[in-house]
Amino acid sequence: MNSTNKETGTSTEVHRPAAPLEGVRVLDLGQYIAGPGAAMVLAELGAEVIKVEPLAGDQARHIGRYGESMIRAYSRGKRSIALDLKSEAGLAVAWRLIEASDVVIQNLRPGAIETLGLGPDTVRARFPQIVFLSISGFGTQGPSALRPGYDIAAQAESGLMSLTGEPDRLPQKVGVPVIDAAAAHLGAQAVLAALYARARTGRGETVRTSLLEVAMHLQATTWCDYLGGAPEPTRIGDGQPHNAPAAEVVPTRDGHIVLSAYADEHWARFCRVMGREALASDPRFRTNALRVQHREALRGVLRECLSSFTSEECVALLSRNQIVVGAVRSYRQVLDSADVQASGMLVDAVAPDGSRYASLALPYTLGHAPRPTPSAAPACGADTDRVLGALGFDADEIARLHGIGAVA
C-alpha cells in the first residue's frame, strides 16, 4: 500500500502488520509442544488455526503448571474445538474441518492418527491439495517407528546427552525441551516450503520429520566433524573440544561470564586489554592448539584476569574491544536486560475478556511491521459452536452433536 505526499508528490510505502499467511487455514491435531508449536508459528504469520482437542483436552492440560505453560506458549492465536474423533459423528466433523483446511498438523503417538482413519495417505488421497505435517519420535521407517518419543528420548538417542555435562558426572539433558521446540519451527519451515510449491503446482505434500532427526540436525557441526574422522566426542563441561578459550565459563565477582577468544588475533587482543601482553607469546598459549593442550592452565589465567570484575564490567570491557563475551543471567536478569526489552520479544497475549498474560513473540520480524499482539490460548472447546457454525452446521445440528457427546 502506497500513499502520496501532497507537497512533494513522492510516494511513501505504508507498512501494515505482516500477515503473509492470511487466508491459509490450518488444522492442529497435535498435543504438547512439537505439533501445536508448528501450528502456532503459522498462526503468528497470519494463518487461521483451529486446534482440535479430545473432549478432555490436550494432554498438556493435565500435567500441572508446566503443561498449562505449554498451552499458553504454543496454542495462542488459535480457536479450539473439542471433538470425540472415535465417534462416527465426531469423525464426520473432522472431515468437514479437513476439507476446509490447507494444512493439517499432527504429532500423536505412533499409529494413532492412522487408527482414526485420518492418516496423511488417507487424507491426501481424498484432498490432494492438503499439506500434511506429521512429527514422530523416531521416524516411520526404522524399528523404532512405533515407539513413543518425547524430547528427552531424542536428546538421549541422538548423542546430545553424551556431550552434555561434566566428564566425571552423569550425562545431562539440555535444561529446556529444545528438541520439541526446534521440531516445531523446522516443521513450520517445511510446511511453508510445501505451501510455496503448492502455489505453483496446485498439489499439497506429505511432510514428515521426527524428534530424532531434528536432534541430530541441531548437532550438524559436531556430527560432520565425527563423520569426517574426528574421535568420538565426549563431555567436557564448559569449553569447546577443539578451541580455547571458547565457551569458557569464568567466575566473576558477582557471578559468571562466558568468553570466546580462540582466534590468535582475538587472544592477542584479550591479552592486551588485560595488560598481560606476555601471555600472547607464552609457550603454552601461542596457538589455539597449544591453548587446547594447556586448557586448565589457561582457565587459571582467565580467572586471574577477570575474577575481580563484576559480570557487567567484564561484558562492557571485553565487548568494547570486540571480544565475544556474555553474562550468565537468571530469568529475572534476562527480563531486566535492555537488549531483551528493546527486541520486542516480550508480548502480551490477550483473551476475549481483556485479560492478558506475558508470552514470547516469534524470534524474527518481517520488514518494519510491528510484532503482532497474539490472542491468548483458548480454553478447551471454547470455540466449538462457532467453528461448527462456520462449517455450516445449524443450531439444531450443533445441539444434537452436543447431546450425543461428539463435541464439547
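A salt bridge is a side-chain nitrogen of Lys or Arg within 4 Å of a carboxyl oxygen of Asp or Glu. Side chains of opposite charge can pair when their charged atoms come close. The model on screen is predicted, and it holds 22 salt bridges. This tour stops at some of them.

**Stop 1: R299 and E296.** Select these two residues and show their side chains. They meet in a salt bridge, with N and O 3.2 Å apart. Both belong to helix α13 (residues 295-306); because they are three residues apart there, about one helical turn separates them. R299 is buried, at 14% relative accessibility, whereas E296 is exposed, at 55%.

**Stop 2: E265 and R269.** Move to helix α11 (residues 264-273), where E265 and R269 are four residues apart and so separated by about one helical turn. Their closest N and O atoms are 2.9 Å apart, in a salt bridge. Which partner is exposed? E265 is, with a relative accessible area of 53%. R269 counts as buried, at 16%, because the cut-off for buried is under 20%.

**Stop 3: K78 and D28.** Select K78 and D28, whose side chains form a salt bridge with N and O 2.7 Å apart. This pair links distant parts of the chain, 50 residues apart: K78 lies in strand β5 (residues 78-82) and D28 in strand β3 (residues 25-28).

Notes: Residues numbered from 1 in each chain as written. Predicted model: local features only at pLDDT ≥ 70, side-chain atom pairs only at ≥ 80, totals over all residues. Heavy atoms only, no water. Helix = DSSP H or I, 4+ residues; strand = E, 2+ residues; numbered from the N terminus. Buried < 20%, exposed > 50% of the residue type's maximum accessible area, 1.4 Å probe, protein only.
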